[in-house]
Amino acid sequence: MPRAFYNEIFNGKEDENILKITEDFDSGEKRQKIIQILLEIIENELTSGQRVAIKEYFFNNKNMLQIAEEQGVSVVTISKKISAGKNRIYNIMKYFIR
């Protein structure tokens, strides 16, 4: 099952800032707004490498090794792309949601 909701996507220690932003939006319309913003950021604000890594890892449930092999890069590269993508998402979301 894809990790399609923000509370499933951002669940690590490094994601605490994103969770703080979204903690008041756990129901209905506000939750849908958060999901829409997340998807728009992923599609429009990340580099292509970050976008592919995040989509494959979080939405297609591939592990970093699988993604790295498909992309012909190292696992460390994929890890850095995912981390940079999540940081970019946080830096944008903090302005949208207050």
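A: Let's start with Phe58: its relative accessibility is 4%, so it counts as buried. Buried means under 20% relative accessible area, exposed means over 50%, and partly exposed is in between (1.4 Å probe, protein chains only). Keep in mind that this is a predicted model, where local features need pLDDT of at least 70 and side-chain atom pairs count only at pLDDT 80 or more, while totals for chains, interfaces and linings use all residues. Residues are numbered from 1 along each chain as its sequence is written, and side-chain values use heavy atoms, leaving out hydrogens and water.

Now for the neighbour. Tyr57 has 22% relative accessibility, so it is partly exposed. Searching the whole structure turns up one aromatic pair. The ring centres of Tyr57 and Phe58 are 4.8 Å apart and their planes sit at 85 degrees, so this pair is edge-to-face. (Rings of Phe, Tyr and Trp, using its six-membered ring, pair if their centres lie within 6.5 Å; planes under 30 degrees apart are stacked, over 60 edge-to-face, and the rest tilted.)

What about the wider setting? The protein has six helices and zero strands; these are DSSP runs numbered from the N terminus, with helices being H or I of at least four residues and strands E of at least two. Buried residues make up 36% of the protein's 98 residues.
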